Amino acid sequence: MIDIRLLRENVEHVIERLQTRQKDFSYLRQVVDVDERMRKTLVEVEELKASRNELSKQIGEFKREGNDATKLMEQVAGLGETIQALDASIETDREFIHQTLLETPNIPYQDAIVGVSEEDNVEVRKHLTPPVFSFPPVPHWDLAEQLDIIDFERGVKIAGPRFVVYKGLGARLERALMQFMMDVHAMEHGYIELIPPYINNKESLTATGQLPKFEDDLFKLNMEGKDYYLNPTCEVPAINYHRDEVLKKADLPLRYVGFTTAFRKEAGAAGRDTRGIIRLHQFSKVELIAFASPEDGYVIHEQMLNDAEKILQLLELPYRVIELCTGDLGAAMAKTYDIEVWLPSYDAYKEIASISNAETYQARRANIRYKEQPESKPEFVHTLNGSGLAIGRTVVAILENYQQADGSILVPKVLQSYMKTDVIK
RNA sequence: GGAGGAAUACCCAAGUCUGGCUGAAGGGAACGGUCUUGAAAACCGUCAGGUCGGGAAACCGGCGCGGGGGUUCGAAUCCCUCUUCCUCCGCCA
């Protein structure tokens with residue numbers, strides 16, 4: 001959520017910066033008007049409440065001393081109704097402001113690359129060059145089928161389209177990657193491991209920004225009349241881990257590495273990436289999450305990017321890092337890097353990780369703050385999240401980049417001890 | 001699933017029956033001090049925090065006893081409702 005105070009101070013500036021997202025935010029002017037009206041009424045009703053409190057106190061004193069308080073009670077008689085009416089009008093205005101701001105995306109960071117679409121994203125760096133094959137490389141869906149390590153048909157039978165069964169060494173590869181990534185981040189990069197609930201409540205999804213606007217992307221459950229959602233990313237439970245808390249400055253940055261299975265409806269992606277396991281309703285992911293003071297936020301962001309890249313470096317996979325332009329930025333995020341891994345079947349780089357700083361946008365929604373000193377006023381933290389990495393797409397990258405002429409797959413060196421084999425055949 | 005009980009400030013806890021000098025006794029912890037070569041002990045002192053609004057500021061006011069609603073001039077206290085936790089029984093990986 002963006003800061004209402006920032007809006008009050010300079011709506012036009014906020015609107016201008018938000019417009020770089022290529023949408024219309026002129027409606028925010030109305031929010032400022034309503035806010036002003038609301039605050040005026042607030043002053044009015046608070047004065048009335050103060051006088052009611054004063055009179056009630058006097059009534060108490062009168063009665064205690066055995067005096068007649070009828071006159072005072074007459075004085076206070078009409079106040080209640082007026083107060084109630086004013087309170088109701090404040091509540092309406094407040095609710096309007098709140099709902100509107102809940103649906104307003106984050107302001108891109110100060111020096112954001114202004115652009116219209118992903119076309120305008122900017123490449124930051126590249127690592128390794130795409131492999132050159134002496135034979136026509138085979139896409140992962142064919143490799144996986146031939147090796148009998150991913151069962152597409154039975155996935156559809158059991159659950160439906162965009163579900164698969166990992167089998168044999170395919171299942172082991174998935175498991176090895178999870179273990180490997182968690183190990184690197186926890187033991188070498190110093191993140192604290194987390195395995196949170198995969199089912200999250202409405203408050204959690206609202207705090208991170210999926211609700212109310214993006215409900216269509218989520219798998220929704222209804223248990224005894226209450227709504228729950230399957231988490232679309234570990235970011236949701238991990239950020240909410242500290243919801244409604246005041247953190248100690250000395251504990252920052254707090255850095256976690258979480259494992260979850262992520263569930264996505266992919267509602268708007270019909271017909272896209274239909275072959276293989278690039279876009280499934282269910283996939284495993286190792287996620288990095290950090291809570292930092294605002295002055296450290298962007299330092300941690302770069303560090304998190306490096307930590308995610310490290311996995312691809314260890315796996316010896318070619319990738320590039322791009323910075324998203326304002327038109328391609330996720331709603332809750334102020335700045336995002338994507339890491340794209342080389343996929344021979346696409347003959348292109350494909351997103352495998354996304355590392356973002358939400359600044360105080362999620363912290364304000366989730367009410368996560370920190371104190372500089374024990375006696376100082378709590379301030380909102382920066383929240384950061386980054387894939388470290390999406391496991392399904394890592395499987396794809398390994399199958400396709402490590403394939404041999406005979407259809408077998410070499411196992412990356414760092415995975416061999418986890419896989420107990422150096423080749424999948 | 002059945003039957004009971006509980007939620008008060010950093011922690012413990014009184015107050016709730018009988019509404020008003022209670023935004024909250026007492027204890028612990030913490031912090032500051034006296035004493036001490038230093039520390040402990042003892043003693044003295046401080047100790048809701050938060051949030052929203054007004055104000056240049058000093059400061060003033062609203063809210064606030066798990067959440068929401070109601071009764072009342074006035075609610076920690078009465079009523080409704082939700083949530084969470086605990087105990088016992090049943091079931092269970």
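**Salt bridges**

Modeller: Glu372 and Lys249 form a salt bridge, with their closest N and O atoms 3.1 Å apart; the term means a side-chain nitrogen of Lys or Arg within 4 Å of a carboxyl oxygen of Asp or Glu. This pair links distant parts of the chain, 123 residues apart: Glu372 lies in the loop between β14 (368-371) and β15 (379-380), and Lys249 in the loop between β8 (245-248) and β9 (254-263). Strands (E, at least two residues) and helices (H or I, at least four) are DSSP runs, numbered from the N terminus. Glu372 is partly exposed at 36% relative accessibility, and Lys249 is partly exposed at 24%. Here buried means under 20% relative accessible area, exposed over 50%, and partly exposed in between (1.4 Å probe, protein chains only).

The model is predicted: local features need pLDDT of at least 70, side-chain atom pairs count only at pLDDT 80 or more, and totals for chains, interfaces and linings use all residues. Side-chain values use heavy atoms, without hydrogens and water, residues are numbered from 1 along each chain as its sequence is written, and chains are lettered from A and ligands numbered from 1 in the order in which they are written.

Within helix α3 (residues 28-64), Asp35 and Arg39 are four residues apart, so about one helical turn separates them. Their side chains meet in a salt bridge of 3.2 Å, N to O. Asp35 is buried at 2% relative accessible area, whereas Arg39 is partly exposed at 34%.

Glu287 and Lys285 also form a salt bridge, at 2.4 Å between the closest N and O atoms, and both residues are buried. Salt bridges link Glu123, Lys126, Arg320 and Glu340 in a network. The count of salt bridges comes to 24.
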